[in-house]
Amino acid sequence: MKAEKKNKIGRQGKIIKYVVIAFILLLFTGIACVPFVFQTTTLWYKVGIDRAMLFAGQIFGLFAAAIIFLQLVIIAKLSFMTQAFGQRKLNKIHQFNGKFIIALAFLHILLILLPEGLTNLPIGLKFWPEMIGGVLFLVLLTLYLSVWMRTRFKIKYAVWKSLHRMLGLFAFVAVLTHVVNTSDAFDNESLYIAFIVISGISFFLFFWGKYSQK
Amino acid sequence: MKNISVVLAFLVSLFFLQTANSATTVWKLDKAHSNFFFSVDHIYSKVQGYFSDFSGEVNFDPDMLEKSKFEFNIKVKSINTGIGKRDKHLLSKDFFNEAEYPELKFVSKKVVKVNDSTYNVHGKFVVKGKEYDLVLPLDLVGIKDHPMKKGSEVAGFSGMLTIDRVAYGIGTGKFVDFGVVGKNVDIFVSIEVLKDK
């Protein structure tokens, strides 16, 4: 009877797993289409390799943003996610994503800046959304390095965890602010609402997961 | 000995007389009330902007035009069209290449009176490291005591000219070919200069 139940849960878990993976694939396919469907005015004035770099930079940036949202869901210890992937695997995915986000963010910065020159940086009050992006990158690096710092400086797990969570939530707010204020593609209401809804769902799932544990 | 003193006094007075004659009136640029505006076509509309950071020297005396001189240095980075991203694009290699050429410079060579109030200021315009001859027509709007600053005089100049930006190397012309950004740029100079009375 127990084995039967276990198998049933296993089957359910597999189905949830495939549904989650299919949803993520669908989400990322949609995200990859965003720069083509909702072209920014900056893209209008770019041709050749500059245009290709800008397209790629925008896609990498949006991927990084989506994975930041996904990180909240992965770490929320939601029962359906644990059932589908197992907590140990979710922790590993969370760690891998941390590195992946930094790589994507770095490529995003590089590919966005290269077409207009690395010396022509968006610094100053009028570039505040871009500068938030710069701060966000530093926060992401800090988040990643904090894992190493915890063992190096023997920081208590509880202290590290609350700091990591605080920086993580800051990254969430920062990426939201950066994306919707930097890219004029988000002047399109549908895209703007879709982005807010996706981020809102991830934020809700994070708190729901954390709340249901207590 | 007396004769030597007289001769020396005469030479010294000659020197001071000469110095006084050669000095034109030096005016200080009132940056808060001076502007370098521009306007360029974008498909059907016009995009306007200005440079907010510049410096300059004006030596001007309507009675001593041969000694008069205008010099302006404009920081390209201070370009402002109201949209940060557009400004950044204008600073890129597609237009000004600000990283390599951070300044625009105009130094006059001669000032020629055209009519009662208009002066043609002939000079060298340095754009992206290259010198071009340019005639900047300036209207002397007026010279009077400064209404708000006692003991000071104010003079006003304004001028308009149109330049072919592609001829000055500001862009290769690809956006002209696309029919997006015009090649003619209208420049409007409006300056106030001050001096102590």
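This section describes a predicted model of a complex of chain A and chain B, taking confidence, chain A, the interface and the strands of chain B in turn.

The predictor assigns the complex an ipTM of 0.79 and a pTM of 0.83. For chain A the average pLDDT is 92, and 95% of the residues score at least 70. Residues 1–5 of chain A have a pLDDT below 50, and this stretch makes zero contacts in the model beyond near neighbours in sequence. For chain B the mean pLDDT is 90, with 88% of its residues reaching 70 or more. In chain B the pLDDT is below 50 over residues 14–22, a stretch with three contacts in the model beyond near neighbours in sequence.

Chain A contains eight helices and zero strands. Its pattern along the sequence is accordingly written α-α-α-α-α-α-α-α. Taken along the principal axes, the box filled by the C-alpha atoms of chain A is roughly 65 × 45 × 25 Å.

The interface is described next. The size of an interface is often given as the accessible area lost when the parts come together. Between chain A and chain B the buried area is about 1300 Å², and carbon and sulfur atoms give 51% of this area. On the side of chain A, Y45(A), E116(A) and N120(A) supply 42% of the area that chain A buries against chain B, more than any other three residues. In terms of residues, 16 of chain A are in contact with 15 of chain B.

Polar and charged pairs also occur across the interface. Seven residue pairs are in polar contact between chain A and chain B, counting pairs with both residues at pLDDT 80 or more. The residues of chain A that touch chain B comprise six nonpolar, five polar and five charged. Side chains of opposite charge can pair when their charged atoms come close. Over all chains the structure holds 13 salt bridges, and the count between chain A and chain B is two. A salt bridge links K126(A) to D87(B), with the closest N and O atoms 2.7 Å apart. This pair crosses between chains: K126(A) lies in the loop between α5 (87–113) and α6 (128–152) of chain A, whereas D87(B) belongs to helix α2 (residues 84–91) of chain B.

L140(B) is opposite F157(B) in β10(B). Six residues lie between the strands in the hairpin of β9(B) and β10(B), where G151(B) has a positive phi near 75°.

Definitions and conventions. Residues are numbered from 1 along each chain as its sequence is written. Chains are lettered from A and ligands numbered from 1 in the order in which they are written. Side-chain values use heavy atoms; hydrogens and water are left out. Contact means heavy atoms within 4.5 Å. Buried area is the accessible area (1.4 Å probe) that two parts lose on being put together, summed over both. A salt bridge is a side-chain nitrogen of Lys or Arg within 4 Å of a carboxyl oxygen of Asp or Glu. A polar contact is a pair of N or O atoms within 3.5 Å; within protein, one must be able to donate a hydrogen and the other to accept it, and residues adjacent in sequence count only if both atoms are side-chain atoms. Ala, Val, Leu, Ile, Met, Phe, Trp, Tyr, Cys and Pro count as nonpolar, Asp, Glu, Lys and Arg as charged, and the others, Gly among them, as polar. pLDDT is the predictor's confidence in each residue, from 0 to 100. Helices (H or I, at least four residues) and strands (E, at least two) are DSSP runs, numbered from the N terminus. Two strands pair if DSSP finds at least two bridges between them.
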